[in-house]
Amino acid sequence: MATPDTILEIDLDAIAANWRSLRARLKLGCEAAAVVKADAYGVGMAHVAPRLWRAGCRLFFVADVGEGLALRRLLPDARIAILNGFEAKAGREFARGRLIPVLNHLRQIKDWRKASRGNPAILHVDTGMARLGLPPTEAARLGTDPSLLDGVALAGVMSHLTTAWNRAAKVNRTQLDAFRVLLKSLPPAPASLASSSGIFLGPAYHFDFVRPGAALYGANPLPGHTNPMKQAIKLKAKILQDRNIDKGQTVGYDGTFRVRRSSRVATLAMGYADGWLRTAGNRASVGIGDKRAPIVGRISMDLITVDITDIDPKLTRPGAYVDLLDDRYGVDDFATDAGTIAYEVLTQLGGKHHRVYRGVIHA
Ligand SMILES: *Cc1c(COP(=O)(O)O)cnc(C)c1O
């Protein structure tokens, strides 16, 4: 039987442990939600959400209605909030899925008042992100005319930090102060400001619930510092060919890498179509045994070439697997080498890999 080209191993116990360790950092009475949008950051919502539910998580955030309905099928009793908001056309789906819209502007509030039938909604106020959420002028109107919220069962008021991963950024404090002022002008409701990194800014940022996503999946909420989270995914790719290359020859498209000595190169069954970002060519490396082998030349659509001159040939025969992500070289390490962030690495991995879930709940 054919062996898989790549194996993506997802440790659900590590994800649950990450959720619990974030929860343990919260001030008393603060609830830890979980953000599982984009198929749980590419990791697989169908596996992650039930595991987090079993760990005790009761409030989940996804981006859109389709994700919300899919999650409702998995978790009949969870509270499920939709970050992208509400549109009048979606009233039926929201009712059917008992979905909680995150209302981002006055129009959505108006439409929700007509459609809600008393069901809860979360209000999103913008404190500096300028992306989603009521801009300051709209939030001020709610303050001066509370009747605009008549009939809205407020399950929360939230805002989102722009630079929470950088403790030194003054904007964190500015947003915190702005959020506090807004809360005073709005009807009382559970408040939420922090996602993964914001939790580490301390209890002043915790309010009543927090919304971590990336850190659950092992991404470092404190880039530049030791990662407090457990690595949750491992990725292996198969060697398709190993070969000798003469001194002076180049490897791959555009000949961007020229070998300075006679070398050995292995070609792996993984490329940018599988999420191994092309920008990591000539920069990242893979693990073979306890050594690292640099990626040489451009990353191709389905292939990567690595320099294995210094690696034990017994470990590099066709059919052997090498480590692309593991406990020693995680999503943040590859992200740094590829010039991006762990969020993009996770969500680009895609559906092609042979997946193995560890810590699966058996009914
Ligand atoms: C994606 C998202 C989160 C989760 O953020 P992480 O940095 O992944 O923890 C929280 N809140 C909002 C509004 C989001 O869009």
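How much area is buried between domain 1 and domain 2, and what share of it do carbon and sulfur atoms give?

Let us start with the ground rules. This is a predicted model, in which local features need pLDDT of at least 70 and side-chain atom pairs count only at pLDDT 80 or more, while totals for chains, interfaces and linings use all residues. Residues are numbered from 1 along each chain as its sequence is written, and side-chain values use heavy atoms, with hydrogens and water left out.

The domain assignment of the protein gives domain 1 as residues 33-217 and domain 2 as residues 233-358; such bounds come from an automatic or database domain assignment. The C-alpha centres of the two domains lie 38 Å apart.

## Where the domains meet

Now for the opening question. About 720 Å² is buried between domain 1 and domain 2, and carbon and sulfur atoms give 64% of this area. Buried area here is the accessible area (1.4 Å probe) that two parts lose on being put together, summed over both. Tyr41, Val43 and His47 supply 52% of the area that domain 1 buries against domain 2, more than any other three residues.

In terms of contacts (heavy atoms within 4.5 Å), 8 residues of domain 1 touch 6 residues of domain 2. There are 3 residue pairs in polar contact between the domains, with both residues at pLDDT 80 or more. A polar contact is a pair of N or O atoms within 3.5 Å; within protein, one must be able to donate a hydrogen and the other to accept it, and residues adjacent in sequence count only if both atoms are side-chain atoms. The side of domain 1 that touches domain 2 has 5 nonpolar, 3 polar and no charged residues. In this sorting, Ala, Val, Leu, Ile, Met, Phe, Trp, Tyr, Cys and Pro are nonpolar, Asp, Glu, Lys and Arg are charged, and the others, Gly among them, are polar.

How many salt bridges does the rule find across this interface? It finds 0 between domain 1 and domain 2. The rule asks for a side-chain nitrogen of Lys or Arg within 4 Å of a carboxyl oxygen of Asp or Glu.

## Two residues with positive phi

Most residues other than glycine have a negative phi. Tyr41 has a positive one, near 55°, and its place is in helix α2, residues 37-41. Helices (H or I, at least four residues) and strands (E, at least two) are DSSP runs, numbered from the N terminus. Is Tyr41 buried or exposed? Tyr41 counts as buried because its relative accessibility is 7%; the cut-offs are under 20% for buried, over 50% for exposed, and partly exposed in between (1.4 Å probe, protein chains only).

Phe207 also has a positive phi, near 50°. This residue sits in the loop between α9 (196-199) and β10 (209-210), and Phe207 is buried, with a relative accessible area of 11%.

## Glu9 and its partners

Glu9 belongs to strand β1, residues 6-11, and is buried at 16% relative accessibility. Its side chain makes a polar contact of 3.0 Å with the side chain of Arg358. Leaving aside neighbours within four places in sequence, Glu9 is in contact with Ala232, Ile233, Lys234, Val356 and Arg358.

## Salt bridges

Side chains of opposite charge can pair when their charged atoms come close. By the salt-bridge rule, the count comes to 16. One of them joins Arg107 and Asp111, with the closest N and O atoms 3.2 Å apart. Both residues lie in helix α6 (residues 106-115), 4 residues apart, about one turn of the helix. Arg107 is exposed at 53%, whereas Asp111 is buried at 10%.

Asp323 and Lys236 meet in a salt bridge of 3.0 Å, N to O. Asp323 lies in strand β18 (residues 321-325) and Lys236 in strand β11, so the pair ties together parts that are 87 residues apart in sequence. Asp323 is buried at 15% relative accessibility, and Lys236 is partly exposed at 26%. Lys236 and Asp323 are also linked with Asp326 and Arg328 in a network of salt bridges.
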